[in-house]
Amino acid sequence: MAPWWGKESHRGTPVVVKMENPNNWSMVEIESPSDEEFLNDAVSKRGRNKNAKQLTWVILLRAHKAAGCLASIAAAFVSLGAVVRRRIAAGRTDAADPVENPKIKSRFYTAIKIALGLSLLLLGFELAAYIRGWHFEAPDLHLGRIYSGFAVRDLFGTVYSNWVRIRVGYIAPPLQFLTSACIVLFIVQSVDRLILCLGCFWIKLKKIKPIAKQDLIDVESGDGQGYFPMVLVQIPMCNEKEVYQQSIGAVCEMDWPKGRMLIQVLDDSDDPTAQMLIKEEVQKWRDNGANIVYRHRVIREGYKAGNLKSAMSCSYVKDYEFVAIFDADFQPNADFLKRTVPHFQDNDEVGLVQARWSFVNKEENLLTRLQLINLAFHFEVEQQVNGHFLNFFGFNGTAGVWRIKALEESGGWMERTTVEDMDIAVRAHLHGWKFVFLNDVECQCELPESYEAYRKQQHRWHSGPMQLFRLCLPAIIKSKISAWKKFNMIFLFFLLRKLILPFYSFTLFCIILPLTMFVPEATLPAWVVCYIPATMSFLNIMPAPKSFPFIVPYLLFENTMSVTKFNAMISGLFQLGSAYEWVVTKKSGRSSEGDLQSLVEKPPTHQRGSSEPNLEELKEEINRQMKKDSQKKKHNRIYTKELALAFLLLTAAARSLLSAQGVHFYFLLFQGISFLLVGLDLIGEQVQ
């Protein structure tokens, strides 16, 4: 019996209560029995009194944890409410946004407000009808009821029955036709995405990757050995004081014979402080042996394309065979040229070698995490599949190496659109040049951390392709490339992925879906609302598996961004004023902060060759300027279109309850909340 009593004596849940003062106490659970042991003890007569005390302590412990959780949630909601109140009180909206055409923006916003007003009116009307007994479950509305005596026995019944006749006879048919058309486009685009994913799976399964003609040879073996052609490296920048050091430093440290590489820093800054800092940085590297020059344009026309075009007009460019381009926030690895340039050797048809991007701030906030999903799919799937099977993809504007002959034969850089990178890629493809995409060569850069910066970037990225499509369509039709390549470029590259995607995404989920709640005779199947979007989101997130917990926010955010993308697409397609606006994406300089810190910690014998006092002075100057700029410009805004659409979707969600449409209700509810959060600028960087 001794072992039995000994084992019994250890049962229970010892709990230590720590109390420093009456207002600060906590409980720590030292040992917790299994559920089976606890239940056995609970029914045991011998341990009944003792287990009653144990149960009391466990309940107190669980209640304490639950109270702490509820307190945290309550504190978060209180903090969120305070932020919203301050933001509304500040009154900063996107009314003065320079990216969008004010007239077009005003009309678009007016149309959304009208739709919101009508939806509120109809919601009240339908609610009154529901209270009076008009209970319809879409799509099972039977018109026979309208003509019954119950339906028309009073004025309200007469009015409502006439409204039902109008929507059944005149509104529902065209709405259903538009719904069916958007569903077809949705399915076609989903099939295209599925085919791309299958192509990526095939590449992974067969372990296919571009292989250079020659193995890499150590640079130190001498310029006369190995394949080391003359390479021109260009770093275009404009008022980017936060990141200029990291790109210049990374490029100057690339492994390539100094006599066979020239670095051009193409500074388009109109800020004298930025010019001074960049010029000083270039001089430091030149003093330490780097073959680097500083160029500044007096007449700043054509944005980035004009800057690159001006640089290519220099007389010494004729001595170089290739040109590598890096934006101001890009940091190539030391072996970048050694892993990209060899793909040109003995392959005169290759005009471009493109590397993929990686991101130093991908986990900074929710916005950067969602961007990572999109861009990981773009590089891992779209660029890799198109590069392997078609030898064509859109140049990403940076982290790529061009054959200068391909640029010259294709007409060089043109300032006619805001997507000069896509423009030159299309023209080079029409001239027969092939492209190579290297998925295993990465170049670090930054993601926009604020919604304002991301929104402006997406506006440029979606208006420019529509401009280019209008300009390039005649040339594509007349070109000598194969019919399949013409079909791919016109239908897949431009229409399906650049025009149809933002069109159906906005129209189907932000316009048609809410309308079908108020016109239940036109139906949108649940598989269109829920199942296919969920499947497509799952496919999109596969290249970034660590982002899987964000699959639902990603789906909702993509639909939210469809407003900006649709507006940009219309601006570019119809050549509206906002389509020609170029706004440099704002950088945070987070990666350059780490780079600067590492430079301070390194010994003075480092190649940068600057003394610590000078570096500290430069750091202080940058910090002062950044603080000054943040005080002037940095703030969160309220986005009126997104807010109006949020209330429209939430109104439609309330209407869906009357028809008992569960899937539609939840989708509209969460999509409306998503629009609300974005409209209040609660996603991305929060400025204190």
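Figure 1. At 10% relative accessibility, Ser505 counts as buried, because the cut-off for buried is under 20%. This is a predicted model. Ser505 belongs to helix α14, which covers residues 483-518. Setting aside neighbours within four places in sequence, Ser505 contacts Cys510, Glu558, Asn559 and Ser562. Of these partners, Glu558, Asn559 and Ser562 fall within the residue range of helix α16, 551-573. UniProt, in an unreviewed entry, lists residues 490-518 among its "transmembrane region" features. Over residues 490-518 the chain is 100% helix and 0% strand. The end C-alpha atoms of residues 490-518 are 37 Å apart.

**Figure 2. Helix α14 against helix α15.** Helix α15 spans residues 526-541. The axes of α14 and α15 come within 12 Å and cross at roughly 160 degrees. The two helices are therefore roughly antiparallel to each other, since angles over 145 degrees count as such. Their crossing is left-handed. From α14, the contact takes in Leu508, Phe509 and Leu513. From α15, Val528, Val529 and Pro533 meet them. By class, the residues of this contact are 6 nonpolar, no polar and no charged.

**Figure 3. Helix α15 against helix α16.** The view moves to the other contact of α15. Helix α16 runs over residues 551-573. The axes of α15 and α16 come within 10 Å, with a crossing angle of roughly 110 degrees. That angle makes α15 roughly perpendicular to α16. On the α15 side, the contact residues are Pro533, Ala534, Ser537, Phe538, Asn540 and Ile541. On the α16 side, they are Ile551, Tyr554 and Leu555. The contact divides into 7 nonpolar, 2 polar and no charged residues. Pro533 of α15 meets residues of α16, and Pro533 also takes part in the contact with α14.

**Figure 4. Helix α5 across helix α10.** Helix α5 covers residues 155-206, and helix α10 covers 366-389. Their axes come within 9 Å and cross at roughly 75 degrees. The helices are therefore roughly perpendicular to each other. Helix α5 contributes Arg193, Leu196, Cys197, Gly199, Cys200, Trp202, Ile203 and Lys204. Helix α10 contributes Phe377, Glu380, Val381, Glu382, Gln384, Val385, Asn386, His388 and Phe389. This contact has 9 nonpolar, 4 polar and 4 charged residues. Residues 177-203 are also among the spans that the unreviewed UniProt entry names "transmembrane region". That span is 100% helix and 0% strand. Its end C-alpha atoms lie 39 Å apart.

**Figure 5. Two non-glycine residues with positive phi.** Asn239 has a positive phi of about 55 degrees although it is not a glycine. The residue sits in the loop between β3 (231-237) and α6 (244-252). Asn239 is partly exposed, with a relative accessible area of 25%. Ala399 is likewise not a glycine, and its phi is positive at about 60 degrees. Is Ala399 buried or exposed? At 0% relative accessibility, Ala399 counts as buried.

**Figure 6. Arg260 and Leu232.** Arg260 lies in the loop between α6 and β4 (261-267). Its relative accessible area is 25%, which means partly exposed. Along the sequence, Arg260 and Leu232 are 28 residues apart. In space, their C-alpha atoms are 8.4 Å apart.

**Figure 7. Arg339 in helix α9.** Helix α9 covers residues 336-340 and includes Arg339. Arg339 counts as partly exposed, at 29% relative accessibility. Ala355 is 16 residues from Arg339 along the chain. The C-alpha atoms of Arg339 and Ala355 are separated by 9.6 Å.

**Figure 8. The whole chain, for context.** The protein chain has 20 helices and 10 strands. Of its 688 residues, 50% count as buried. Take the contacts between residues at least 6 apart in sequence: 79% of them join residues at least 24 apart. The unreviewed UniProt entry places its "transmembrane region" feature at residues 63-84, 111-131, 177-203, 490-518 and 664-683.

Technical notes:
Residues numbered from 1 in each chain as written. Predicted model: local features only at pLDDT ≥ 70, side-chain atom pairs only at ≥ 80, totals over all residues. Heavy atoms only, no water. UniProt positions renumbered as here; feature names shortened; annotations may be inferred. Helix = DSSP H or I, 4+ residues; strand = E, 2+ residues; numbered from the N terminus. Buried < 20%, exposed > 50% of the residue type's maximum accessible area, 1.4 Å probe, protein only. Contact = heavy atoms within 4.5 Å. Axes fitted to C-alpha atoms, helices over the stretch in contact; angles between N-to-C directions. Parallel < 35°, antiparallel > 145°, perpendicular 65-115°, else oblique. Left-handed = near helix turned anticlockwise from the far one by under 90°. Nonpolar A, V, L, I, M, F, W, Y, C, P; charged D, E, K, R; others polar.
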